[in-house]
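Please keep the sequence and the structure in view while reading.

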Amino acid sequence: MSLVETKVSSLFINGEWRDAISGQTDTVVNPATLEPISEVAYGGETETHNAIKAARDAFPEWSSMSPRKRSRILYKAHQLMFDNLDRLAEILTTEQGKPFKEARGEVKSAASFLLWYAEEANRVYGEWIPSSQTQKRILVVPQPVGVVGAITPWNFPSSMITRKIGPALAAGCTVVLKPAPETPLSAIEIVKIFEKAGLPKGVLNLVTGDAEAIGNAMLTNQDVRLITFTGSTEVGKHLMRESADHVKKLSLELGGHAPIIVFDDADLDIAAKMTLASKYRNAGQTCICANRVYVHESVYDKFSQKLLEHVAALSMGDGTEPDTDIGPLINEQALQKVNDHLEDAVSHGAEVLYGDSDWQSDLGGYFFPPTVVKNVTNNMKVMNEETFGPLLPLQVFNDEDDVIAQANDTVYGLAAYMFSENLDRSLRVMEKLDYGIVGVNDVFPATAEAPFGGIKQSGMGKEGGHHGIHEFVEQKYVSIGMHN
């Protein structure tokens, strides 16, 4: 039995599932097999404006509802995600390609954001500020921003949705959600879960289809007060420019180019295993995954040997197979980009330690094998651009200050990692790394209770933790004069 229908009414507007006005559909393809999975509605500007109107009309009642009532719906949605864990993971694997075991982990992570913000809904505190004037009282009252346009990516199609709509709903905002066109099925299932959890009509709306048209409607409609986006830096800059006419609030989680620094006092077994986990999780299609690895010259040989042993043990294939460690890339464009980075590195003198520069997939899908290269130089694409695939460059270093300077020499500032057993060095280097997230002997920093977000051209704002809900809140200052 198929996990999803061959054709899905995927527009959810004001509590109703609909087809596109034009009747047009878009095909969702399994990247591991290249087989079509389902047809979903191909909506556009008109459908988006209708969804925004529904969200605007639902806002007064939802925002005035007690936080405790809103939290109960989030609690129920959290439980429903766990009740449907395996089915949600199977759908995620089928449309996105990641191994089923990774997909289960993502669905659990997605549910954790709903649990966290079910709790945080009750903790959006205001302030009573002592006044310098005896006949004045000063209050700061937090209030929800309003209608939120949420634009989510394909690489984590479940957790990136709940990381945005969880705090938005908890704060009292209403939402229009646009998932990535490659992975709409997970979004549909999550919206169905909220529908089942009792979310009022119009509070959460879903529009699938023409990404440019939907995004343009969000940008030009003044009723959208905040756009929260995860995706490329290029698109993030476009949203910043085009949102200026209405001075919309923005929360942007953009591209990254994460370095890993392996110092001579690192635990090499841990460093090798975690470097592998960081780079090859989701086939390298992770905004915070390792993009370049700097290894101290005194431990380079030992580290690279341990790393290659782990890489050689990876199994590539369809994510539905139980032994699969690495699934496919999302599409042909992604495959070509990784191959271009590899060819560029080799043409400039890099040596392939593991993998085959002439490799071609015989698995049928968008597969690229786990690959490691050495003798890389800073002029290579792989050392400057976000590869978003299973290609890992190794570079030797011998000076702490120099490697910090190299790690920071990028327009990106999302995540960086270091391995050292020396506490003084860990604190010293952590403070100097110019990134919004730093992992010390840890490559899995994302968690519901902590703020996630980058600096420089990796974005603005935070997702997760108590910080995350404040992106969806305005602070109203109330000054009260007392004249008696």
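A salt bridge here is a side-chain nitrogen of Lys or Arg within 4 Å of a carboxyl oxygen of Asp or Glu. By that rule, 1 salt bridge is found across the interface of domain 1 and domain 2. The model is predicted.

**Domains**
- The protein is divided into domain 1, which covers 7-254 + 458-478, and domain 2, which covers 258-440.
- To their contact, domain 1 brings 22 residues and domain 2 brings 28 residues.
- Taken over C-alpha atoms, the centres of domain 1 and domain 2 are 31 Å apart.

**Interface**
- Domain 1 and domain 2 bury about 2,000 Å² between them, and carbon and sulfur atoms give 56% of this area.
- On the domain 1 side, the most area is lost to domain 2 by Ala32, Trp154 and Ser458, which together make up 25% of what that side buries.

**Salt bridge**
- Lys101 and Asp325 form a salt bridge, in which the closest N and O atoms are 3.0 Å apart.

**Nonpolar surface patch**
- Leu423, Leu427, Met430 and Val440 make a nonpolar surface patch of about 330 Å².
- The most is given to this patch by helix α13 (residues 423-432), with 3 residues.
- Val440 lies in strand β19 (residues 437-440).
- Val440 has a relative accessible area of 32% and is therefore partly exposed.
- Patch residues need over 30% relative accessible area, a cut-off that Val440 passes with its 32%.

Definitions and conventions: Residues numbered from 1 in each chain as written. Predicted model: local features only at pLDDT ≥ 70, side-chain atom pairs only at ≥ 80, totals over all residues. Heavy atoms only, no water. Patch = residues over 30% accessible without salt bridge, like charges linked within 9 Å, V, L, I, M, F, W, Y side chains within 5 Å. Areas by Shrake-Rupley, 256 points an atom, 1.4 Å probe, with all protein chains shown as cover. Helix = DSSP H or I, 4+ residues; strand = E, 2+ residues; numbered from the N terminus. Buried < 20%, exposed > 50% of the residue type's maximum accessible area, 1.4 Å probe, protein only. Domains from an automatic or database assignment. Contact = heavy atoms within 4.5 Å. Buried area = accessible area lost by both parts, 1.4 Å probe.
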